Amino acid sequence: MFKILVSDALSEEGLGVLKSSKDFVVDVKTGLKADELKGIVGDYDALVVRSATKVTAEVIEAGKKLKIVGRAGVGLDNVDLAAATAKGIIVMNTPGGNTISTAEHTMSLIMSLSRNIPLADASMKKKEWKRKDFMGVELYNKTIGIVGLGRIGMEVAKRCLAFGMRVKAYDPFLSREVAEKIGVELGTLEDVYRAADYITVHVPLTEETKGMISDKEIGMMKGGVRLINCARGGIIDEQALARGLESGKVAGAALDVYVEEPPKDCPLAKFGANVVLTPHLGASTEEAQVNVAIEIAHQISDALLGKGIRNAANFPSVDPETYHALQPYINLCEKLGSFTSQIAQGALTEVNVTYSGDIAAHDTAPLTMALMKGLLSPMLQDTVNFINSLSLAKDRGIRTTELKSLQSEEFVTLVSLEIKTDKETHRVAGTLLSKSDPRIVKVDEFYVEAIPSGCMLLMQNWDKPGIIGNLGKLMGEHNINIAAMSFGREKQGGRAMSVLNVDSCVSAELLEKVKKQPHILSAKIVEL
Ligand SMILES: NC(=O)C1=CN([C@@H]2O[C@H](COP(=O)(O)OP(=O)(O)OC[C@H]3O[C@@H](n4cnc5c(N)ncnc54)[C@H](O)[C@@H]3O)[C@@H](O)[C@H]2O)C=CC1
Ligand SMILES: O=C(O)C(=O)COP(=O)(O)O
């Protein structure tokens, strides 16, 4: 039974998906103060939020059982992703579910601003008739600059084109062809600033986009420009915007989002008809709220019940079928990583993994995360998990490469791992028997067939008679049962590798005795 806390308003349709499952207990507690949330979050396996709840590092820390933070919407700037990743908590959102609503709201803002709708309406309701005070401007033939041509930016572009506007856009991650296909001209940020009569931003709030439109940028713009922010508060610097409006350089502005929500002291609130403000309504339509709530409910349900992970900001998307297919490989890779790490000496500097055969047809990103978790676990223990393993490796300067080959010469499928430390290099490969039974099939130059499980004794020895007898006797004397044995040799009488699975752990003292047996070159214990 999983406990789910919904701390922002979620549509009944989405709640229904969760509440109808006997696997979940759902508590809806909106409007919690930061301390109240911290006080109760420890009881829950999943937390569902919109933009109001701030999922800070402290909330993450207090969420001792937390496995998932689900955002019913797009922006994740209210979730401390790094803190969640470090704790192995999956953070997921629902991109797309509110795109149309937000694009339509952006158009509503552009039009309200151009035709003074909010104040004209308020004036009528005061029984006034002030036609001269509310002279507007046409959109037709004007140029709109779109900063961020993603899902929402693209829908805004299409609608502006339908109004007969010229659309210029800046998005460094989008190809010119994609933009030109719908009639949008991509340019530099400066091109857009200099050419546009209207500028609307549709980028996420990041270190780079925070305050990206400030005094200097406003200075580059056309006199009489109109600015719209339906993305995130602070992408357009509020104080700089107020200064631009005061000087007359900026003719108007429309905002749906604010640095602080609700804003205590918004510098834009004092303006008249040339500033239109809405209280973060972009996604507030019946349709968008049903979309995002149902989506997040299904995503959380599937993730908690092990049926796949979708739209996670810190884990690759895996549909249920793939998840099922990958599960045994995830297990194999984690064991392979841990095994290799335990036989190596020195600080890990490089990890090269090759997926060959059937497995190469899948998205192997989760497998590399599992390998890295296995590799780092012997050093970092509980602090490493699937979600943070690659970022921890990167932080430690470990170079990682991943290769895929649909052909596998010896096995239907093979995961080959090469690791380099500052002292040595090891190569270990593994496969699955009967589609789910993990086996280590190669350790450095030796072919073996070892079961990666429990306590293992790994030895290099000369290929001489009597080794098995001696080892069997020694283990027997110490009351240790040998569960399985595997041998590989380079040539008859040459160097060989022996891998023993034993039912109880080999002590350091016994290991020293093993090393002293005739023809044994080295011995190590691996625990999986
Ligand atoms: N007002 C509201 O209620 C809503 C606001 N939003 C906000 O709208 C924004 C956009 O959402 P989507 O279109 O769904 O996201 P998206 O990810 O589809 O699009 C964002 C685009 O910004 C581009 N981008 C990133 N950094 C950039 C930079 N430095 N300069 C220029 N372009 C950059 C990306 O390449 C991408 O194409 C987000 O901030 C989201 O939080 C989303 C939904 C509702
Ligand atoms: O999806 C987003 O990014 C939004 O800004 C919508 O926010 P909301 O869920 O309405 O609080």
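The briefing below covers the sheets, the ligand surroundings and some backbone details.

This is a predicted model, in which local features need pLDDT of at least 70, side-chain atom pairs count only at pLDDT 80 or more, and totals for chains, interfaces and linings use all residues. Residues are numbered from 1 along each chain as its sequence is written, while chains are lettered from A and ligands numbered from 1 in the order in which they are written. Helices (H or I, at least four residues) and strands (E, at least two) are DSSP runs, numbered from the N terminus.

**The parallel sheet**

- Five strands make up an open sheet with parallel pairing, in the order β2-β1-β3-β4-β5; two strands pair if DSSP finds at least two bridges between them.
- β2 (24–28) and β5 (90–92) stand at the edges, each with a single partner strand, so one side of each has no neighbour in the sheet.
- From one strand to the next, the twist averages 15 degrees; axes are lines fitted to C-alpha atoms, for helices over the stretch in contact, and angles run from 0 to 180 degrees between N-to-C directions.
- Strand β3 (residues 46–49) runs parallel to strand β4 (residues 68–71), and four bridges join them.
- Within this pair, Ala46 stands opposite Ile68 in β4.
- Helix α1 (residues 12–19) lies across β1 (2–6) and β2, and runs at about 150 degrees to β2; two residues are in contact if their C-beta atoms, placed from the backbone, lie within 7 Å.
- Helix α12 (residues 286–304) lies across β1, β3, β4 and β5, at about 165 degrees to β4.

**The ligand surroundings**

- Around ligand 1 there are 33 residues, and the closest are Gly75, Gly148, Gly150, Ile152 and Gly282; a residue is near a molecule or strand if its C-beta atom, placed from the backbone, lies within 6 Å of it.
- The elements giving two or more residues to this shell are α5 (99–115) and α7 (151–162), and the largest share, three residues, comes from α7.
- Domain 1 (1–94 + 284–315) and domain 2 (99–277) each give at least three residues to the shell around ligand 1; the domain bounds come from an automatic or database domain assignment.
- The shell around ligand 1 divides into 16 nonpolar, 12 polar and five charged residues; Ala, Val, Leu, Ile, Met, Phe, Trp, Tyr, Cys and Pro count as nonpolar, Asp, Glu, Lys and Arg as charged, and the others, Gly among them, as polar.
- The residues surrounding ligand 2 include Arg50, Ser51, Asn98 and His280.
- The shell around ligand 2 divides into two nonpolar, seven polar and one charged.

**The antiparallel sheet**

- Four strands form an open sheet with antiparallel pairing, in the order β20-β21-β19-β22.
- Its edge strands, β20 (482–489) and β22 (520–527), each pair on one side only.
- Here, the twist averages 15 degrees from one strand to the next.
- Eight bridges join strand β19 (residues 455–462) to strand β21 (residues 495–502), which run antiparallel; Leu457 has Leu500 in β21 as its bridge partner.
- Helix α17 (residues 508–515) packs on the sheet and touches β19 and β22, with a direction at about 155 degrees to that of β22.

**The hairpins of β17**

- β16 and β17 pair in the antiparallel sense over six bridges, and Leu433 stands opposite Asp437 in β17.
- The hairpin of β16 and β17 has three residues between the strands, and Ser434 there takes a positive phi near 50 degrees.
- Ser434 is exposed, with 6 other C-beta atoms within 10 Å; a residue is buried if 20 or more other C-beta atoms lie within 10 Å of its own, exposed if 12 or fewer, and partly exposed in between, with C-beta atoms placed from the backbone.
- Five of the seven residues of β17 are buried, so this strand is largely enclosed by the rest of the structure.
- β17 also pairs with strand β18 (residues 446–450) in the antiparallel sense, over three bridges.
- In the hairpin of β17 and β18, which has two residues between the strands, Asp444 takes a positive phi near 50 degrees.

**Further backbone details**

- Most residues other than glycine have a negative phi, and most peptide bonds are trans.
- Asn141 has a positive phi near 70 degrees and is exposed, with 10 other C-beta atoms within 10 Å.
- The peptide bond from Glu261 to Pro262 is cis, with omega near -5 degrees; Pro262 lies in the loop between β11 (250–255) and β12 (275–277).
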